[in-house]
Amino acid sequence: MSRAFVILAAGRGTRLGGEPKQFRLLGGRPVWGWSLETARILRREKLIDRIVLVLPPENALTAPDGVTVAAGGASRALSVLSALRACGEDEVLLHDAARPFAGVPLCRRLIAASTGENAVIPLLPEANALKKIENGRIEPLDRDGVYITQTPQLFPRAALRELLENAPRADFKDEAELWLQRGETLDWVAGENMNFKVTESGDWEMARKIADAGEIRTGLGYDVHPLVPGRRLILGGVIVDSPLGLDGHSDADALAHAAADALLSAAGLPDIGTLYPAGDEKFKDADSMALLRDALAKVNAEGWRLEWLSAVLTVQTPRLAPWKDAIVRSLETVLGSGRLSMTFKSGERVGPAGEAQAVFVWASATLRR
Ligand code: MG
């Protein structure tokens, strides 16, 4: 079963004033960029195979990396049709770019509810008391059984394409409505409150507050390697003069390992033991700073930036203080400058650290996106 994620950003909605809302900058990227980020995570999880971005024809010339761009039409129906023609996958998730905060968990629920033949949409129970105004009179409206419809909406591509090709001028607010008009049934999953539509200026203010606040995570990393004769002592990529060195499958740089695990943990990614297994010959005597660089790239690819890394090393011998600047500078070549602090502890001659049998490192990473 192959699947495409379609971001509909061809609308000309200007209720906010100025350029169409999907091109406004929200937290430093266009509104549609938020949905692209969600789609990229789904593609990394192998839940989708293709990303299609539908843009107004005049904007449809440049495609972001790895994205299929389709030119939008004069109506929603024609824009969707253009997207369905631009991909060949079995299923499509159609998403309005004006909903920048659709979560990955929501998309996973939609995909899990797919049988390959059904259509699935997100619904959210209406929580407000409802009224309708008729001929100037306010009447109560029963909210029981009333739901708000969101996107993404999942459809079998060929069936939806056929509907649209047979009714290119159909008038509908979302594809679910067209699907129902044609006598089909829908399945549904729970929507998300955060997945609101940015339409009016109040929505825009709310979206800006959320985007500007960002998300902060911390992660903890830890490592230990035995100190033995006949090995080099490498910490943070620096070869430290020492009669004893750290033993391990790679270059045994415990500081780089703890730092990488702290970063990966904060981003919710697999740890270094999983990503770079010790049993893999490829990592024999590996340069651990290259692993740290790769781990940071994986973290950055999820949209996270490193704010701060703090590390504590327990090393009885040699004395590390004279090496501190060199180690910090070396780490900064990977992590960026002014983003880390390091503390050295002696081990106080207690236990395996104090008896110079091993080096222990703890690291905590703070990420923001
Ligand atoms: Mg290690």
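Visitor: Which residues coordinate the magnesium ion?
Guide: This is a predicted model, and in it the magnesium ion is coordinated by D223 through OD, H225 through NE2 and H257 through ND1, at 2.2 Å.

Visitor: What spacing do the donors follow along the chain?
Guide: The pattern is D-x1-H-x31-H.

Visitor: What about H257, buried or exposed?
Guide: H257 is buried too, with a relative accessible area of 9%.

Visitor: Switching to helix packing. At what angle do α2 and α4 pack?
Guide: About 140°, with the axes 10 Å apart. Helix α2 covers residues 76-86 and helix α4 residues 157-166.

Visitor: Why is α2 called oblique to α4?
Guide: The packing angle is about 140°, and only angles over 145 count as roughly antiparallel, so α2 is oblique to α4.

Visitor: Which residues make the contact?
Guide: From α2 they are A77, V80, L81, L84 and R85; from α4 they are R157, L160, R161, L164 and E165. By class, six of the contact residues are nonpolar, none is polar and four are charged. As for handedness, α2 passes α4 in a left-handed crossing.

Visitor: How do α9 and α10 cross?
Guide: Their axes cross at roughly 35° and come within 9 Å. This crossing is right-handed.

Visitor: Which residues are in that contact?
Guide: α9 contributes M289, L292, R293 and L296, and α10 contributes S330, L331, T333, V334 and L335. That contact has six nonpolar, two polar and one charged residues.

Visitor: How many residues of helix α1 are buried?
Guide: 10 of the 14 residues in α1 (residues 31-44) are buried, so the helix is largely enclosed by the rest of the structure. The buried ones are V31, W32, G33, W34, S35, L36, T38, A39, I41 and L42.

Visitor: What follows α1?
Guide: K46 follows α1, and its phi is positive, near 65°.

Visitor: What does P64 touch?
Guide: Leaving out residues up to four places away in sequence, P64 touches W32, L36, R40, L53 and V69. P64 itself is in the loop between β4 (50-55) and β5 (68-71).

Visitor: While we are on prolines, where is the cis peptide bond with P152?
Guide: It joins T151 and P152, with omega about 10°. P152 lies in the loop between β10 (147-149) and β11 (153-156).

Visitor: And what is omega for the bond from T317 to P318?
Guide: Omega is near 0°, and that peptide bond is cis. P318 is in the loop between β17 (305-314) and α10 (324-335).

Visitor: Back to phi. What is the value for N135?
Guide: N135 has a positive phi of about 50°, although it is not a glycine. The residue lies in the loop between β8 (130-134) and β9 (137-141).

Visitor: Is N135 buried or exposed?
Guide: Exposed, because its relative accessibility is 81% and the cut-off is over 50%.

Visitor: What about phi at D285?
Guide: Phi at D285 is positive, about 55°, and D285 is not a glycine either. D285 is found in the loop between α8 (272-275) and α9 (288-301). With a relative accessible area of 47%, D285 is partly exposed.

Visitor: Last one. Where does I210 lie?
Guide: I210 is in helix α6 (residues 201-213). I210 is partly exposed, with a relative accessible area of 26%.

Visitor: What does I210 touch?
Guide: Not counting residues up to four places away in sequence, I210 touches F101, M194 and F196. The C-alpha atoms of I210 and G347 are separated by 45 Å, and these two residues are 137 residues apart along the chain.

Methods
Residues are numbered from 1 along each chain as its sequence is written. This is a predicted model: local features need pLDDT of at least 70, side-chain atom pairs count only at pLDDT 80 or more; totals for chains, interfaces and linings use all residues. Side-chain values use heavy atoms; hydrogens and water are left out. Axes are lines fitted to C-alpha atoms, for helices over the stretch in contact, and angles run from 0 to 180 degrees between N-to-C directions. Helices (H or I, at least four residues) and strands (E, at least two) are DSSP runs, numbered from the N terminus. Angles under 35 degrees count as roughly parallel, over 145 as roughly antiparallel, 65 to 115 as roughly perpendicular and the rest as oblique. A crossing is left-handed if the near helix is turned anticlockwise from the far one by less than a right angle, and right-handed if clockwise. Contact means heavy atoms within 4.5 Å. Ala, Val, Leu, Ile, Met, Phe, Trp, Tyr, Cys and Pro count as nonpolar, Asp, Glu, Lys and Arg as charged, and the others, Gly among them, as polar. Buried means under 20% relative accessible area, exposed over 50%, partly exposed in between (1.4 Å probe, protein chains only). Donors are N, O and S atoms within 2.8 Å of the metal (3.2 Å for Na, K and Ca); water is not among the atoms, so sites may look incomplete.
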